Amino acid sequence: MLPEPVTPDPPRPVGRVLMTQSWLDLAFLHWEADPEEVALLLPPGTVPDLFEGRAYVGLVPFRMHRVGWFELPGVPYFGTFPETNVRLYSVDGTGRRGVVFRTLDASRLVPVLLARTGFRLPYVWSKMGVRAEGDTVVYESRRRWPGPEYPTSRIAVRRGGPIEEPSGLEHFLTARWGLHTVIGGRLRFIPNEHPRWPLHRAELLECDEDLVEAAGLTVGGDPVSVMWTPGVPVRFGRPMTVSS
């Protein structure tokens with residue numbers, strides 16, 4: 001089945017809300033990746049989602065803010081923390097486009113344990129920080145658990161002006177309305193919805209990281225796309241079983 005169109009707004013409502021949160025101060029760094037290498041890292045039932053024949057790997061540092069269950073208010077401490085994820089882009093047999101997370105570094109141990117247990121997401125516990133210095137935002141991370149590798153990351157970007165008309169590639173890399181994961185031996189799609197991304201240009205000032213390599217991917221040189229956004233509020237729906 002052909003993938004659904006890439007849309008800057010959610011293609012469908014999530015239905016009953018499972019979780020709410022906000023993603024703040026995000027940097028989107030993307031490199032081209034080998035589609036065959038990507039395919040080996042995706043869960044069964046999905047294939048690489050390609051843009052003009054190219055696969056991409058994303059490195060996305062940000063601040064998670066007030067994770068909450070159902071429609072309850074978000075939690076201020078345990079639900080608020082820095083995070084950095086390494087992600088790939090997938091499409092399943094129904095044509096739904098999604099994200100597959102290779103790793104998700106987070107600085108709160110309790111959410112890490114809950115996400116690993118409940119959603120089988122590859123969260124890891126890290127010492128992390130996000131700070132703004134004028135128009136520059138610095139993201140730092142050093143993994144604590146689990147090992148045996150303890151990769152680090154230091155990324156600095158300078159925020160630029162708004163992207164008034166995002167390109168097809170910029171929409172492809174950011175307009176993702178769900179994630180694919182395996183729970184209980186079955187492929188699941190967890191939908192999300194949020195306002196349209198307020199994307200900004202960004203200049204990469206520093207990128208000293210080995211998270212991508214530790215996630216099993218090989219990239220070289222500078223990223224082909226660098227963006228920043230102040231963020232959006234997000235609502236997640238309940239996991240949906242993907243028919244084989």
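This is a predicted model: local features need pLDDT of at least 70, side-chain atom pairs count only at pLDDT 80 or more; totals for chains, interfaces and linings use all residues.
## Helix α2

Helix α2 spans residues 109–118. Three of its residues, Pro-111, Val-112 and Ala-115, are buried. Viewed down the helix axis, the buried residues of α2 fall within an arc of 105°, so they line one face. An α-helix has 3.6 residues a turn, so residues three or four places apart point the same way. On the other side of α2, Leu-114 and Thr-117 are exposed.

After the helix comes Arg-120. Its phi is positive, near 55°.

## The largest cavity

A search of the whole structure finds 2 cavities of 30 Å³ or more. The largest has a volume of about 90 Å³.

Its lining includes Glu-4, Pro-5, Val-6 and Thr-7, along with Pro-11 and Arg-12. Arg-96, Arg-97, Ala-175, Arg-176, Trp-177 and Phe-189 also line the largest cavity. By type, the lining has 6 nonpolar, 1 polar and 5 charged residues.

## The second largest cavity

The second largest cavity holds about 50 Å³ of space. It is lined by 13 residues. Closest to its centre are Pro-61, Thr-84, Met-128, Tyr-139 and Glu-140.

Strands β3 (55–69), β4, β6, β7 and β8 (152–162) each supply at least two residues of this lining. The lining of the second largest cavity divides into 7 nonpolar, 4 polar and 2 charged residues.

How values were computed: Residues are numbered from 1 along each chain as its sequence is written. Side-chain values use heavy atoms; hydrogens and water are left out. Buried means under 20% relative accessible area, exposed over 50%, partly exposed in between (1.4 Å probe, protein chains only). Helices (H or I, at least four residues) and strands (E, at least two) are DSSP runs, numbered from the N terminus. The arc is that of the directions from the helix axis to the C-beta atoms. On a 1 Å grid over the protein atoms alone, a cavity is a set of points where a 1.4 Å probe fits but cannot get out, and a pocket is an open set with protein on both sides within 12 Å along at least five of seven lines; lining residues have an atom within 4 Å of a point. Grid points are joined across faces, edges and corners, and a volume is the space filled by probe spheres set on the points. Ala, Val, Leu, Ile, Met, Phe, Trp, Tyr, Cys and Pro count as nonpolar, Asp, Glu, Lys and Arg as charged, and the others, Gly among them, as polar.
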